Amino acid sequence: MKIILDGKELEVEQGKTLLQICTEQGIKIPTLCYHPGLPPEGRCRVCLVELNGKLVTSCNTKPKEGDLVVSRSPKIFAARKMNLELMIPNPACSKEDDFEVCQIYKEVGLDFSRFDKPVTDYKPDLGAAVIRDNNKCINCGRCVKVCSEIQGCYAIDFTSRGHNEHVSPYAEKPLSSVACIRCGQCILNCPVGAISERSHLEEVQEALDNPDKHVVAQTAPSIRVALGELFSMPAGSIVTGKMVASLKGCGFDKVFDVNLGADLTIMEESAEFLKRLTSGGVLPMITTCCPGWILMMEFFHHNLLPHMSTCKSPHEMLGMLIKTYYAQKAGIDPKNIVVVSIMPCTAKKFESTRPELDTAVDYVLTTRELGRLIKRNKIDFLKLEDEAFDPTLGISTGAGAIFGATGGVMEAALRTAYETATKKELENLDFNQIRGINGIKEGTIFVGDKEVKFAVAHGGKNIQELLKKKEDYHFLEMMACPGGCVGGGGQPIYKNPDTLQKRIDAIYKEDKNLPIRKSHENPIIKELYAKYLDYPGSKKAHELLHTKYTLRDRF
Amino acid sequence: MQILEETSMQALDKARQIGPEGVLKLLEKKGLVGRGGAAFATHKKWRYAIDNANAGDGETFLVCNADEGEPGTFKDKFIIKYNPSTLIEGMLIAAYTVGAKEIFLYLRGEYQYLKQDLQKQIDKTLELAHMDVKFTIVLGAGAYICGEETAILQSIMGFRGHAMAKPPYPTKKGLWGKPTVINNVETLTCVAQAILFDDWDSDIRLFSISGNVQNPGVYEYPLGVKMSTLIEIARPKRKLKAMSFGMFGGIMPINLDMEITPATIKMEECQHGAYSLIFIDETNNVVDICKSIAKFYTYESCGKCTPCREGTIRMLNFIKKIQSGKFTDDDLKLIEELGNHIQETSLCGLGQTSANHVLTALKHFRKDFEAYKK
């Protein structure tokens, strides 16, 4: 099919939208409400182009044979600009803001609006994990779409009408009292920063400034492959050493690696799974590393309670060990230890406030907050010399590293479960069938004479799909965010859809390069069990490393 | 009145005799076009739905749009009140022709008091028709936008009444993704009459007349009727100054010699819509009228797309600014720019027509605006 684009004849595929065609041709068109993974709605009207002389939204318009398309004209620029003027009466972006919309101001060349702002006075919605300020909102609707269509949670939607239309949780309640799983995917999709994480930066800074406190940071597996993006490094850069150095530079006394907590989780989880498998326990067993998924179960899937593993998530396990094992070893009063988890996740903020988990973890910072902390301390991230994690709890394995990607927990658990059950070595450590970005992945492995069927889902909608056929499997891994933790709601905001895959690739690269790739071969883990925890699933392990759940009402 | 003639189940009998293809050909010959405002040929709309259904699994739906929310329009209410049996027969003919097994009648929320009688008439007619269709009256909840064809579908399916981007048109993807025919009350009534009566006249229109007149009501005239005829029958108390086509069609000066046809209305840069004529006399100020209309749109915009949601409130603020007297020529220019912008870039018909009033008023009654200047 032929169209004429900006005066040039062009052969295009039928069924493609004008936005896709223009992007392929290298023509940049500003978009706000567009989400590449979802059907376009044409809400914001910023991506306007001319089709046969009429202004149309390029995101949802497909041209026909012989159509005349113009992507640049004074009329188009004026219309785009006016829609932005109407949407955002105060187009000022401060230096610290790196919101999508700031970039669009520059592209469209907008520095002031000719329209007064209608009076809006929405109360801020403050919760333990995700906070919202509707006064900043431009009604692009991406948060609503991602919450319903990708996460399947329907926690927020539009309410009221006309210029009073605004995003709201059910019945204008705060997010913290509706069925919201705090995954933070809405934050990643907000172009203006109207939704953000509840910041713990001030509290952490206070602890760092207090000489009586021993402040310990522990970093999740997926931080090191994403943090660099906040300092203009390409997606997928592995910055483990710089990350540790920057945390030390910010004043943390010790930096530990949650990958070790992940190894510990694998020991406990694989032991629990093998026990269920051999003694006729409830199957399929479902992983519980993801606090978003746990909330989803507590809100929507009460029948799954007996299927849930009782293992705490890795950072809660390690936090517990820091305040017991490490405190004892280093001779520090646990009351004076402040554990700060650096997480890719906003649901972890909620998790750390759970009464079931004591106070192993005091504060949770997202990757973005860590970036802000580093910038505040005026640390030149790119020039930092690499530093290593603290040796006390400093060795981790490839199995722990891959926790950051969808399928990683399952792969790590299977490596250990297979080898501890069969006492044989796995020929191939790479479970390629459960790697990658597909929504639902599955596989089979023989553990001795027992066939174990396993499956992995990431993203709320995919989880719900997989749950429909859960009886077919023995072991399930669920991650609330698309891509797993690399795509978590606390990660750097990205617009390029390849970013997730690049972060995942980096995670597996790290696994490949590590000398030890199985949790049960980690010398620190061996030492921990020998000296402190007895054996996986022991009484002591249960006391410190396992938890219970609270079923919640949706309304 | 032609619209009040009852077809007493004979039109349905005739439709069954000539078959769906016969119905389509007959409607084409009679020249029936939609009476909701867009004047799209009825047989074409139906044929699209049939073709799309044949390409799919054959399932279709029929929706009768009785969400008559346009201020100054009350012809559908008139039909539902005084000739419901012919309306229902028309719907059955439409359902028969496009193969719909389920019919929805989307009744304006404010017409709730008509529902009971209408339901009785539906039960009676269905019994006589021996047709296997499910017939549901869906009551609107007061939103103007739900008269828009994509929003009406959203509302019937239980979603928020939001307009959707077209294409796909409802005849391709309507209710629950199936081809759906949406016709106005007057259109469907005309279907039955056009099929049965040989002398049915396609040029006859219903005019809803209201405003500063002593005889408001529904009148029937052929297109091309002189404005003076309508004014004579409406009997204004004082000298008339302007005429507004509902809320959306625009405001134009009174021209007694004007013959009312789509073409002449277009020449005044107005839109005829469903021919709802609101007469405005000399005691009124056009800027006041614009303010009322702007308020209406500010409230009735569904809030989905930027130009309509944010533009209508800005338009109202501008009109208030004009009335305060503190405005410059630049403000008037910006109003025109904003008005054109809303029209050109809004998603649905509501937004695209929501600035007609100010734009036409500025063209025809600019002096009224400038008189406010201090």
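Mentor: Buried means under 20% relative accessible area. Keep that in mind, and remember that this is a predicted model.

Trainee: Okay, why is A:F299 called buried?

Mentor: A:F299 has a relative accessible area of 8%. The cut-off is under 20%, so A:F299 counts as buried.

Trainee: And how many aromatic pairs are there over all chains?

Mentor: The structure holds 17. One of them joins A:F299 and A:F300.

Trainee: What makes the pair of A:F299 and A:F300 tilted?

Mentor: Look at the angle: the planes stand at 50 degrees, with the ring centres 6.1 Å apart. Stacked needs under 30 degrees and edge-to-face over 60, so this pair is tilted.

Trainee: Then why are A:Y325 and A:Y532 called edge-to-face?

Mentor: Their planes make 65 degrees, at 5.3 Å centre to centre.

Trainee: How do you know whether A:Y532 is buried or exposed?

Mentor: A:Y532 comes out at 14% relative accessibility, and the limit is under 20%, so A:Y532 is buried. A:Y325, at 8%, counts as buried too.

Trainee: How do you know that A:K375 sits over the ring of A:F231?

Mentor: Its charged end is 5.5 Å from the ring centre; the distance limit is within 6 Å, along with an angle within 35 degrees of the ring normal.

Notes:
Residues are numbered from 1 along each chain as its sequence is written. Chains are lettered from A and ligands numbered from 1 in the order in which they are written. This is a predicted model: local features need pLDDT of at least 70, side-chain atom pairs count only at pLDDT 80 or more; totals for chains, interfaces and linings use all residues. Side-chain values use heavy atoms; hydrogens and water are left out. Rings of Phe, Tyr and Trp (its six-membered ring) pair if their centres lie within 6.5 Å; planes under 30 degrees apart count as stacked, over 60 as edge-to-face and the rest as tilted. Buried means under 20% relative accessible area, exposed over 50%, partly exposed in between (1.4 Å probe, protein chains only).
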